[in-house]
Amino acid sequence: MLVGNLRNLYAQAMKFTAVSLASFAREWGYLASFCECQYKLGGNVLKKVSMQDIATELGISKMTVSKCFKNSEDISEETKQIILRKADEMGYEYKRRIKYRVAVLFSEVYFEPNEKFYNGLYRRLQELEWENNMKFSLFYVSREDERCNMVNAGVEEYDGIMLLGQFSKKYVLFLMGTGRSVLCLDFRYRGVETDSVVSDSFQASYNLTSHLIEMGHRRIAFVGNLNYTNSVNDRYLGYYKALLEEGIDLEAQYRIDDRREQGILERFLLPEDMPSAFVCNNDHTAYILIKQLKSVGFQVPREVSVVGFDDVLYSEISDPPITTVHVHRRFMAEQAILLMKRRFQQPDARPRTITIDCSIQYRESVAGISRGA
């Protein structure tokens, strides 16, 4: 089962260069699986990993590893997490602790070597495995498999399915028809009776745009493709509501696409009448936009302000650091796990949608209009 999962991930990752493959492996925690050849992907042999193997890899005693799997208070939480991550990389499962096994499906649509939001969310799930007696395994779903209602080999052996990022309504309904518990993480569909956990993108974008208006901005553009995901639509609608309340006209030239089917663009088509501020649907887009603006002579934020969304690494490494919306990914992961456990224990319970509030992380990419923006 795990071998099949690795085969699937390996085959899809081979579409990328060696550099991007290594980046993907680091980001998603499969570096050991790909690079240390713990698994013989071409055959049917799975090397059994022992506690001693884990101890040797980490340079610690087997007793310390054993205490970790017994959840002993003799070792720190930090050490436990290091051991558990290494055990997961090597394919070790302490079966007496695993009560529920969940297949986490991730779409090719969002597959980028430097994707930060969803890999961060998946890491939060992994961090919470131990205390919840759960095991999460990541499966990559191609566009073609989603279109044809195909499910990865091995998924049928799991207790439930968690969809990490938006899939088509058709595919969600297909998975629900398999009889397994299904949870939608970071999206939901009206009329689809399944559990879901989403962030309040609409209110967060409204608050973020209102912040720009309070700083004196009235010519404000939105950067993001409509109908790319429900979350992007919500962020656009929150932006639009803030403009409406202030009597600011919505101009077509101030709605800018940031991607094509192949992924995010490296440069964006900027309007001739330059706005004083941009609301970007994610931090990666904001990061690229700031670099583009600076390359053509604009000073950020003195002349143009830029805000992002998600509060991932791009918002911190940008020059200047980006004012953004912080999405509480750990809390999202906690709520997703609670809903999944509830579904396992009460299969006939009514579906729930949990909406997570977001907060603004103020940094240095916004200036008041009086400063020449």
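User: How many residues of strand S5 are buried?

Analyst: Five of the five residues of strand S5 (residues 195–199) are buried, so the strand is largely enclosed by the rest of the structure. Buried is under 20% relative accessible area, exposed is over 50%, and partly exposed lies in between, with a 1.4 Å probe and protein chains only. The model is a predicted one, in which local features need pLDDT of at least 70 and side-chain atom pairs count only at pLDDT 80 or more, while totals for chains, interfaces and linings use all residues. Residues are numbered from 1 along each chain as its sequence is written, and side-chain values use heavy atoms, without hydrogens or water.

User: Which residues of S5 point one way, and which the other?

Analyst: Asp195, Val197 and Ser199 point one way, Ser196 and Val198 the other, and all are buried.

User: Which strands does S5 pair with?

Analyst: Strands (E, at least two residues) and helices (H or I, at least four) are DSSP runs numbered from the N terminus, and two strands pair if DSSP finds at least two bridges between them. Here S5 pairs in the parallel sense with strand S4 (residues 181–185) over three bridges, and Cys184 has Ser196 as its bridge partner in S5. Strand S13 (residues 353–356) also runs parallel to S5, joined to it by four bridges. In S13, Thr353 is the bridge partner of Ser196.

User: In what order do the strands of the open sheet stand?

Analyst: The order is S7-S6-S10-S11, four strands with parallel pairing. Strand S7 (255–256) and strand S11 (305–307) are at the edges with a single partner strand each, so one side of each has no neighbour in the sheet. Strand S6 (residues 220–223) and strand S10 (residues 277–280) run parallel and are joined by four bridges, with Ile220 opposite Ala277 in S10.

User: What should I look for in a nonpolar core?

Analyst: In soluble globular proteins, nonpolar side chains tend to be buried together. A nonpolar core is a set of buried Ala, Val, Leu, Ile, Met, Phe, Trp, Tyr and Cys residues joined through side-chain atoms within 4.5 Å. The largest one here has 73 residues, of which Phe136, Met162, Leu185, Phe278 and Val306 touch the most other members. Helix H14 (residues 329–345) supplies the largest share of this core, seven residues. A second, separate core has 17 residues, including Ala103, Val141, Ile161 and Leu163.

User: Which residues does Phe278 touch?

Analyst: A contact means heavy atoms within 4.5 Å. Leaving out residues up to four places away in sequence, Phe278 touches Ala221, Val223, Ile256, Leu270, Leu289, Leu293, Val304, Ser305, Val306 and Val307. For the chain, residues 24 or more positions apart account for 68% of the contacts with a separation of 6 or more.

User: What is the phi of Asp310, and what is that of Asp311?

Analyst: Phi of Asp310 is near 115 degrees, a positive value in a residue other than glycine, and Asp311 has a positive phi of about 55 degrees although it is not a glycine. Asp310 lies in the loop between S11 and H13, and Asp311 is in the loop between S11 and H13. Asp310 is buried, with a relative accessible area of 8%, and Asp311 is buried at 10%.

User: Where is Pro301, and where is Pro320?

Analyst: Pro301 lies in the loop between H12 and S11, and its peptide bond from Val300 is cis, with omega near 10 degrees. Pro320 is in the loop between helix H13 (313–317) and strand S12 (324–326). The bond from Asp319 to Pro320 is cis, with omega near 5 degrees.
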